[in-house]
Amino acid sequence: MRVIDKLEPTIFVIFGITGDLAQRKLLPAIYHLIKDGLLHEHTAIVGVSRRDITVAELLNQVELCVLEADNVCDETVLEKFRYKLRMIRFDPVKDDDYDTLLQTLNDIEDKHDMCMNRLYYLSIPPQVYEPVIRNFGTHHLNEGCQHKKAVSRLLVEKPFGYDLESAKDLIEITSRYFSEDQIFRIDHYLAKETVQNILVFRNHNPIFTSLWDHHHISAIDISLSEQLGVEGRAEFYDNVGALRDIVQNHLLQLLALVTMELPKSIHNSAALHQAKQALLASIPPLNMANANVTRAQYVGYREEVKNPRSTTETFVSLTLTIDSERWQSVPITIRTGKALKAKRSTIVITFASPAEPDTTNKLTFRIQPNEGIDVELIVKRPGFEDKIEIVQMDFSYRGVFSEPEHPDAYERVLVDAIKGDHSLFATSEEVLAAWHILQPILDAWERTDDDLLIYELGSDGPSASMPAAPVTDSQPT
Ligand code: BG6
């Protein structure tokens, strides 16, 4: 069993429990936390859904999701899950339903005979965030339990807003009812093992720490490629696209971790967020001219989302520089796409080699798959000839740390939210800084879609010679 600090009694209230994200990530994570005995014995789960769905139906879905991920699902764990779970039918626009929810939470605490922390997980469409949060406030769901001895927390999924303005509005409304301490904005990439390792690596390996600047690093590439297309999220994705879905959050957060100034203590959450925010603030707003932006859509996307006029990008790549003494002129390329050849997320640091530009050292953080870190070295090839070759020194988590198996990112997200630790969540300032960087690109895309390229499914992405198919007026078949 994994060892972590004792967690407090908690009621998870899951909005959007039948949605894609809850099913793929959250419910399997809760299953694993139960399986590993990590949750407090007084833990309750309240599933909130517009649909009338029973505990048995929900558990069937949990079983399917776990089977898909693990190939095996333990009946005794499902039984414990069942014991903790209640489902309630809930319509976010109905006032009475918030009272029913509050009553349900009070009943659970009465049954357990204690105050429990309340953790609301919101995986709901962005347009209903605002009314739901307002109603939380007016119905006192933002407070701790009836005796006020426990806390209420909000765990929210991205997107945090649709653009800079809507993000400001959302943050303002949320802050009327919840303090920043109560809000946990999930960026599950921050909870991946290799990503958590970035600051540890930078802090504890002086041979690299001393080289971490523009004198020694000539380029940084951050890439998140996916093999899957939009799967069951067509409607959501078509409104969002790759820039909002991945760049605004995961990729800019990774960039910040790699390039920010190291705080005195990397374990001090406030200092860490300050450093990250300062870094994001030092990236000038990007536009089509200064960031070499490419956007593209995969072949067949429009049919898949049943929108023949869609100009939503499923691929985006851009190059930026950071306005700071440490990083002057170092090109940083960020790239993400769906339906590509391989699922692969990496951060590649290329070290400068002024004498022989062809022989550079590269440091790669492999976020997934096969989490680890490798360094490319130049060596002499054995033999009489003076030939050199590039070889890899490779650290893989799987090879080195076989026990205990590391937790999935969502397990870590849940555990940290229960503990009230904000280190791996995004602050409102970071969210706004990221929108600020990208807003001019969004504005340019509003004006024209002439630059949209297409790419083949299973390829490496677009090449500039593949212009997009023109949008058509035909209806989907
Ligand atoms: C999510 C995006 O945040 O990250 C999805 O909304 C994407 O579109 C997913 O598929 C990728 O996460 P992972 O952990 O599977 O790489």
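1. Basis of the note. This is a predicted model, in which local features need pLDDT of at least 70 and side-chain atom pairs count only at pLDDT 80 or more, while totals for chains, interfaces and linings use all residues. Residues are numbered from 1 along each chain as its sequence is written, and side-chain values use heavy atoms, with hydrogens and water left out.

2. Confidence. The protein chain has an average pLDDT (the predictor's confidence in each residue, from 0 to 100) of 91, and 95% of the residues score at least 70. Over residues 472–477 the pLDDT is below 50. Beyond near neighbours in sequence, that stretch has seven contacts in the model, a contact being heavy atoms within 4.5 Å.

3. An N or O atom in the side chain of Glu226 is 2.5 Å from a ligand oxygen. For Gln368 the corresponding distance from a side-chain N or O atom to an oxygen of the ligand is 2.7 Å, and for a polar side-chain atom of Arg233 it is 2.8 Å. Taken alone, the ligand exposes 400 Å², of which the protein buries 92%. Accessible areas come from the Shrake-Rupley method with a 1.4 Å probe; for residues, only the protein chains shown count as cover.

4. Helix α13. Helices (H or I, at least four residues) and strands (E, at least two) are DSSP runs numbered from the N terminus. Nine of the 11 residues of α13 (residues 409–419) are buried. Here buried means under 20% relative accessible area, exposed over 50%, and partly exposed in between (1.4 Å probe, protein chains only). Among the buried residues are Tyr410, Val413, Leu414 and Ile418. The buried residues pack against α1 (20–35) and several strands, including β1 (10–15), β4 (117–122) and β5 (152–156). At the start of α13, a side-chain oxygen of Asp408 comes within 2.9 Å of the backbone nitrogen of Tyr410. Just after the helix, Gly420 has a positive phi of about 80°.

5. Arg366. This residue lies in strand β12 (residues 362–368). Arg366 counts as buried because its relative accessible area is 6%. The side chains of Arg366 and Ser396 form a polar contact of 2.9 Å. Leaving aside neighbours within four places in sequence, Arg366 is also in contact with residues including Thr194, Glu371, Asp374 and Asp394.

6. Cis peptide bonds. Most residues other than glycine have a negative phi, and most peptide bonds are trans. The bond from Lys158 to Pro159 is cis, with omega near 0°, and Pro159 sits in the loop between β5 and α6 (164–177). A cis bond also joins Gln368 and Pro369, with omega about -10°; Pro369 belongs to the loop between β12 and β13 (372–380).

7. Positive phi values. Asp113, although not a glycine, has a positive phi of about 60°. Asp113 is in the loop between α4 and β4 and is exposed, at 69% relative accessible area. For His140, phi is near 65°. His140 is located in the loop between α5 (126–138) and β5 and is partly exposed, at 45%.

8. Around helix α4. His112 lies in helix α4 (residues 95–112) and is buried, with a relative accessible area of 17%. Beyond neighbours within four places in sequence, His112 is in contact with His42, Thr43 and Ala44. Val93, in the loop between β3 (85–89) and α4, is exposed at 64%.

Terms used:
Polar contact = N/O pair within 3.5 Å; in protein donor to acceptor, adjacent residues only side chain to side chain.
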